[in-house]
Amino acid sequence: MTHRTVPPAGVARTAAAVLLALALPSAALGFCGFYVAQADAKLFNQSSQVVIARDGDTTVMTMANDYRGALEEFAIVVPVPVAVTRDQVKVAEKSWIDNVDAYSAPRLVEYTDPDPCPPLVTYDEDRVGPSEAAEGAAPMRRSAATKSSMGVRVLDSYTVGEYDIQILSAEYSSGLEAWLRQNHYRIPDGAGAILQSYIRQNMRFFVAKVNLGEQRRLEQPFLRPLQVRYTSPKFMLPIRLGMVNADGAQDLLVYALTPRGRVETTNYRTTKIPTGQNVPEHVKSDFGSFYKALFARQVERNGMESVFLEYAWPLSVMCDPCSADPVPPDQLTALGADWVGSGGGKSSNAAYLTRLHVRYDLAHFPEDLVFQETPDTSTFQGRYVINHPFTGDTSCPAGRVYERTLAARQQEEVSNLATLTGWSAAEIRTRVPTRANPEAPPTPKDDGFWRWK
Amino acid sequence: MRALFPADPRVYQITLLASLLGYGVLALDFDVKPAHAAAIVATALVTQLACTRLWRLPAFDPKSALISALSLCLLLRANHVGVPVAAAAIAISSKFLLRWNGKHVFNPTNFALVAMLASGQAWVSPGQWGNAAILAFLFGCLGMLVVYRAARSDVTFAFFAAYALLLFGRSLWLGEPLTIPFHRLESGALLLFGFFMISDPRTTPDARAGRVAFAALVAFGAWYVQFRLFRTNGLMWSLVTVSMVTPLLDRVFRGARYGWPAPSTAPSTAPSTAPSTAPSTALSPTPRPA
């Protein structure tokens, strides 16, 4: 059987597009913080991406920023377990996260059936993909200031890239709320109680807003991801604040980089996304819709109580198939995987990438996500397969056998697609050209969505 | 009604653990490798047989070894088959080697799990059961039956009461919504631990007061590991630590020793899992209802 990966970069980017397009509208992310506006613009959160590099008790969290609103209205409040110094806050490049996303995205592979009459054994695998140049971290400019007010202490204040950062500690949520309001932040209703619980846990608050002057000077059209580094035994993501002003369920993608093995949640079930199933050819033309429906179906089947594993793979082991070029070691290092390529006995082979995807709301995810790194070094990927039938002469005896097995296989592909997505099997059959139903509309070849970038 | 059930509660426990394992694998997609499960069961039985011969016990009784093996299948995950083999051997042999005053110190499964976790070669997934309420209900009902038959329901109730108190107390102090402690209590892993592991009548203190103190200490330890040290598997670490205090609790609180009903082929007074040479004062061969 001839097999090749469907233009892998396209697949990965399609999948990425799906995940982003699921809930990526006008406003932005807020998994662990809430967006607070300095004007009365309506804000809500629906999707977010975060890379967490964790080695021992050192965590480096890089938060992607999809914000599309007015820059002067952007502000984010993130609880962090300990106070972070100015040296521990950086601005990352979105391309680093995009590369990790593309490399780990659920993928489609395609095979072409061989001619059943003359036995043929060939193997051909292509792997192409975009390669983003490594980019260094933005330079940091600092301006410290400290003051105390309403039980709020500004532990540090400085400018990093296009952001003004403040690190706060607080004694009471009312004081913190008052301080934020006094500084022209708009606080969503209901945030006070959650802030209070973080204050009681002795957590600090990382507050960022856009420095418009710096943003213009740096000529950054989009807000770049913020990266914060801290040392704490807490291996968690505070998602509760992000739900305060959320409009319905949100999607969160967590890309964990660890030295030992797979990461999972300990206070919610981590479930593997269905994988390895054969689906009809036409899925190729709309892989985005397919995966979107598949994910929604899995969320529903699991009562919206699971975190889904979409990818888990040691970076030392070649992916099969690769959906994009491997993430360069210097980008992994920049994302916080310091041990990669740093010598000292550890090499880039020691990095393990876990991709977790969760759709959550307050009713089903009342507490923050808590993680653990396991020694599990097995491999997993969300992978779906299409098989193109042989289209030549099949009049020989082996060919007639092939035709019979092909018909059964195509029925199974329809059934798989219906089960995975919840779509009607009868409806699918009208769209799938099979030997039994050759009148169905032909499978469109690469369309715009397929090549989405 | 009771006449319908066999006298030995371990028969129920084996049935229930096997059912949960089947449910986990089929419905919850537990990553239980068949080779690992087979290796665990085989190793546990062989170790039990070897120890039976070595300690010259009157009869080979596979029930306790099967319980340990099934519990390990439910909880232990590893990359290499050598890890579950080692865990099963450690679990069973610990019953014979780590003894104090005529009873084994540690719950065998708990001890083996902690040993493997400490080695860094294995992991336990506390979230694998999820929080489905129906599942919690199932665990509760089935587990209740087991503890009733095993006559150690007091330790289970005391543990849940203490742990719930700590969870609710923390959330109230933090000002968190009570959905958070409820969510934590709905954990399948917690219920499994409370009903099937901490209730092991062979390792809990003999007296009721001792068992209540034991349960409270385990609950506090688990809470401390999870919410003060921020580490996972606090239940496991806490139980193994507090088990070392059991001899002290037995000295302070005197009570009747528990023994499993003897297998029909063995002399009726011999505890099936205790070496015949071990001191066996104050044996109570008949389960005592709560």
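Predicted model: local features only at pLDDT ≥ 70, side-chain atom pairs only at ≥ 80, totals over all residues.
I started with the area: chain B and chain A bury about 2,300 Å² between them, 49% of it on carbon and sulfur atoms. Buried area here is the accessible area (1.4 Å probe) that two parts lose on being put together, summed over both. Interface size is often given this way, as accessible area lost when the parts come together.

Residues are numbered from 1 along each chain as its sequence is written, and side-chain values use heavy atoms, with hydrogens and water left out.

Next I looked up who takes part. Chain B gives 32 residues and chain A gives 28 residues to the contact (heavy atoms within 4.5 Å).

Then I checked charges. I found 3 salt bridges between chain B and chain A (a side-chain nitrogen of Lys or Arg within 4 Å of a carboxyl oxygen of Asp or Glu). One pairs Asp57(A) with Arg231(B), at 3.1 Å from N to O.

On the side of chain B that touches chain A, H8(B) gives the largest share, 4 residues (helices are DSSP runs of H or I, at least four residues, numbered from the N terminus). I sorted that side by class and got 13 nonpolar, 13 polar and 6 charged residues. Ala, Val, Leu, Ile, Met, Phe, Trp, Tyr, Cys and Pro count as nonpolar, Asp, Glu, Lys and Arg as charged, and the others, Gly among them, as polar.

Conventions. Chains lettered and ligands numbered in written order. Helix = DSSP H or I, 4+ residues; strand = E, 2+ residues; numbered from the N terminus.
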